[in-house]
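Here is a short tour to read alongside your view of the structure. Keep the viewer open and follow along.

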Amino acid sequence: MTQLVVLSGKGGTGKTNLSAAFSHLYQQKYPGHLALLVDADVDAANLALLLEAEELSKEAFIGGAIARIDPDLCTDCGRCQEVCRFDAVISREEKFCIDPIACEGCAACLYQCPENAIALQKQQAGEWYISETPYGKFFHAHLYPAQENSGKLVALIKSRAQEELENSSADLMLVDGPPGIGCPVISAVSGANVVLVVTEPTLAGLHDLGRVLETTTHFDVQVEVCINKSDLYPEGAQQIRKYCQEKGIDILGEIPFDLAIPRAMNQGQPVTKFDPQSQSSIAIKGIWERLMTVVEKHSTEKELIQVK
Amino acid sequence: MRRIAVASGKGGTGKTTVAVALAESLSQDSEQIVLISDCDVEAPNVHLYLDPDFEQSKAVHVLIPQVDEDICTGCGICSEVCQYNAIILLKDRAMVFPSLCHGCGSCTLNCPENAIREIPNQIGILERGIGNGNIYLRHGLLNPGEPLTVPVIAALRKWNDEFSARIEIIDSPPGASCPVVEAIRRVDFLLLVTEPTPFGLHDLKQAHQVANELGIRTGVIINRDGLGEADIQGYCLDNHIPVLMTIPLDRNIGAGLARGDTLLEIYPEYGDKFRALYEKVDQMLEEAVGP
Amino acid sequence: MKYAISSSTGNPDTEFSARFGRCTYFLIVDEGLDNWEKISNPAQNAQGGAGTQVVQYLAEQGVDAVISGRYGPNAYDALDAAGMKAYLADSGTPRQLVNQAQSGSLRLAAGPTGEAMHGQGGRGGRGGGRQ
């Protein structure tokens, strides 16, 4: 079984559209062995919009906790404000209270308060779902706006998907990753066998490709690249090819800019389903076939693989 | 100091394009200093367009506890107070797991034997300089492999400037969670850049809710108009958000940005458009402050 | 030698669970294999650092060796520091696996199992302390 994670570094390169297309192509090829699908971009979870997802279950996500000062016990000594490292203790008219957006839930104030006036309250930071789709079981989430702990929510849905992977006949977990390189990305890549980086032939795309590749070197993963909107700026595409060659990374394929993709998005379908003869669909199928060869080579053997 | 942040929810809608265009437009026109703060510390791109000379840099650290095993008595208080299981008791000694540590200092404060010291661990760097068009630029870079984005953004926003800019434009990261909150809190106005696709609309709603949580006035810019049919205008109308500008889908813009040209370098007339946008925002803010 | 095996059922004769940090139960047994104790995993819903919390807890229970399918880097380091043996299994019931461990046919982990160097989502929060 394999875990494949789709990343980009720069946002908007087409991870989600590609992940949806891959889900569709996998189901076409292996109708008996559906993949497990995960949307790890919990801040801006869009994959559900392309998968005709039907919710099977929903659960609360308790992200962390927020401190609360009991005004009846508080003697305004200000010790909490002294120790808080997150600027979360604010004083209004000499009364101290906690800014819930800034509060980290570390409880440093709680343990330092001489009056035991502070308590931690668990906060529901979002929800996560298991849904049925034509392409397999789908694990996704909605992090409430302005919340922390997106990395933790990603880890949670991946953990549940991993459990399902062990108990089902599915052979592939396909993870649509978030943009960037921080905690949610690290959570998304954790446990991956293969990472596909979707980039675009722009100066910003190349720069962020470098950053995400630097990040993936911290993991024992096989990294592949593909270029989306490749005809947007041919010199840019050439720069990416050159860069990947220097790094010894294969480019699995290039997808031209194609309005079939937003059209498919509008219809709530993967482009390979909506318009299989479009230029982008044909290019995506080529990338998919090469990707499957890589995936087969890197699936987790029954004996556990030791890391470097 | 007037602060305007640019965010989106969805990645790739054109935040950086807009932030740079606004900074250029305002810098062209006035004698006042315009500062652009690129808070997308995981993947900053503003400097690629403005080509600054970075004259100054500053390291960003988080504090990680270190336990003196000779003094540690294995009382376990550190492990009780730690909310993240980042310090635990094993074989009667405390052991620290830096990757789980949030640097809150609680274990250090509560150790009855004073056995814990805090050691700075560098997680990123801040840089600043002056770029094209005399625009002052500063940004942060999270070290690849480090998970904590927010402390780098927080350090960037707190970095004191010797030059006193009158206008600050903040380029926010994508998403709608804590890094975005840290980037855009305590600004005067938020520009939300979206695209008329189902993803654009879906994520605009998330971003708009963040603005509401933070109590920041918002306006929308629709970029790549023509890319899809999502009813951004309808959503904005229903939620009383002004649509301040629409930028059409235009291959020239895409190709120009790909090269590293700014929007104003591709179409100079956007200078006037963004100055007019700023006037409008200014007016809205004046009205809000009024009686 | 006291063993702990991760389990989703708490039954020594059904398939074990490969998840170490967030399994539902641990089955604890001594080498005689006659006294099976089922304990609820206290770290199932931990904020973060489930692995480290589990190791601390099992160490408190006097466990000498663990059997599971996967150890993240923090869990692995904690097991090492605690002096506990970490066995890796891919299938079997807890009873079968303890037998295998005793007969030397179960492999010991030589390192963490291919996961992030920074732990899996334990750092969801906003922040490190600032100087």
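The predictor scores the complex with an ipTM of 0.92 and a pTM of 0.90.

Is Ser57(A) buried or exposed? Ser57(A) is exposed, because 8 other C-beta atoms lie within 10 Å, and 12 or fewer counts as exposed. Leaving aside residues up to four places away in sequence, Ser57(A) touches Tyr129(A) and Ile130(A). From Ser57(A) to Leu259(A), 202 residues along the chain, the C-alpha atoms are 35 Å apart.

Helix 1 of chain A (residues 15-29) is largely enclosed by the rest of the structure, since 13 of its 15 residues are buried. Its end-to-end C-alpha reach is 21 Å, close to the expected 21 Å.

Next comes the contact between chains A and B, with 49 residues from chain A and 50 residues from chain B. These helices of chain B each supply at least two residues to the side touching chain A:

| Helix of chain B | Residues |
|---|---|
| Helix 4 | 106-110 |
| Helix 6 | 178-184 |
| Helix 7 | 198-214 |
| Helix 9 | 251-259 |

Helix 7 of chain B gives the most, with nine residues. On this side of chain B there are 22 nonpolar, 22 polar and six charged residues.

A word of care about chain C: its mean pLDDT is 83, with 85% of its residues at 70 or more, but pLDDT stays under 50 over residues 115-131 of chain C. Where pLDDT is low, the predicted coordinates should not be read in detail.

Methods
Residues numbered from 1 in each chain as written. Chains lettered and ligands numbered in written order. Predicted model: local features only at pLDDT ≥ 70, side-chain atom pairs only at ≥ 80, totals over all residues. Buried ≥ 20, exposed ≤ 12 C-beta atoms within 10 Å, placed from the backbone. Contact = placed C-beta atoms within 7 Å. Helix = DSSP H or I, 4+ residues; strand = E, 2+ residues; numbered from the N terminus. Expected span 1.5 Å × (residues − 1). pLDDT = per-residue confidence, 0-100. Nonpolar A, V, L, I, M, F, W, Y, C, P; charged D, E, K, R; others polar.
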